Amino acid sequence: MRGFTIPELLVSVFIIVLMTAIILPSWHAGETTLALDRAAHKLSQDVRKATELAQRAQFFQCVTGTISGYGMYISSGTPASYTLYVECNANQTYDVGIDAVFQAVTLENKIQITSAIPSSFSVLFVPPVPTITIQPGNPAQAQITLSVVDDLSRFKVITITIKGIIDID
């Protein structure tokens, strides 16, 4: 007699269903963890992008004023996005409507900015070196905490210093 009996097939199907039930929740948690990692690294790459634009003195036509650098604006009041901007009025801080938005970046689904220290800040890179300024208050560093929307225990902290160091914890 060749083939499989019905009990053998049922046991095989049961084992497959059981393994799927065990693996599927871990798979979903892994996806969210990877999304958090991607968001943290994308944010740090965008800081480097602003640095590189300032270093090469990338031309940009400001509507009012002249370009003095490139920067990033982050606010815990807008938890789903941050802004790369062109500094057009040389006051070393992001001004809505005066400074030009170079790129508005939206974070991945289920990822949010849960805190920023200071709560709203801009990091500005002024060529040629570039000189790095964090406003308001000109602190030595700024921190951004990204977390999973429905699980605040899973988070990444990105620290940006005025020396140009970007650290992801």
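A disulfide is a pair of cysteine sulfur atoms within 2.5 Å. The model is predicted: local features need pLDDT of at least 70, side-chain atom pairs count only at pLDDT 80 or more, and totals for chains, interfaces and linings use all residues. Residues are numbered from 1 along each chain as its sequence is written, and side-chain values use heavy atoms, with hydrogens and water left out.

**View 1. The disulfide of Cys 62 and Cys 88.** The structure has one disulfide. Its sulfur atoms, from Cys 62 and Cys 88, are 2.1 Å apart. The angle about the S-S bond is -75°, which makes the link of Cys 62 and Cys 88 left-handed. Cys 62 sits in the loop between helix 1 and strand 1 (69-75), and Cys 88 in the loop between strand 2 (81-87) and strand 3 (100-106), so the pair ties together parts 26 residues apart in sequence. Helices (H or I, at least four residues) and strands (E, at least two) are DSSP runs, numbered from the N terminus. Cys 62 and Cys 88 are both buried; buried means under 20% relative accessible area, exposed over 50%, and partly exposed in between (1.4 Å probe, protein chains only).

View 2. Val 11, Phe 14, Ile 15, Leu 18, Met 19, Ile 22 and Ile 23 make a nonpolar surface patch of about 680 Å². Patches are made of residues with over 30% relative accessible area and no salt bridge; like charges are joined within 9 Å, and nonpolar side chains (Val, Leu, Ile, Met, Phe, Trp, Tyr) within 5 Å. A salt bridge is a side-chain nitrogen of Lys or Arg within 4 Å of a carboxyl oxygen of Asp or Glu. Accessible areas come from the Shrake-Rupley method with a 1.4 Å probe; for residues, only the protein chains shown count as cover. Met 19 belongs to helix 1 (residues 6-55) and is partly exposed, at a relative accessible area of 44%.

View 3. Two strands pair if DSSP finds at least two bridges between them. Strand 1 and strand 5 (residues 120-126) run antiparallel and are joined by six bridges. Met 72 has Val 123 in strand 5 as its bridge partner.

View 4. Six bridges link strand 4 with strand 7 (residues 141-148). Ile 113 is opposite Leu 146 in strand 7.
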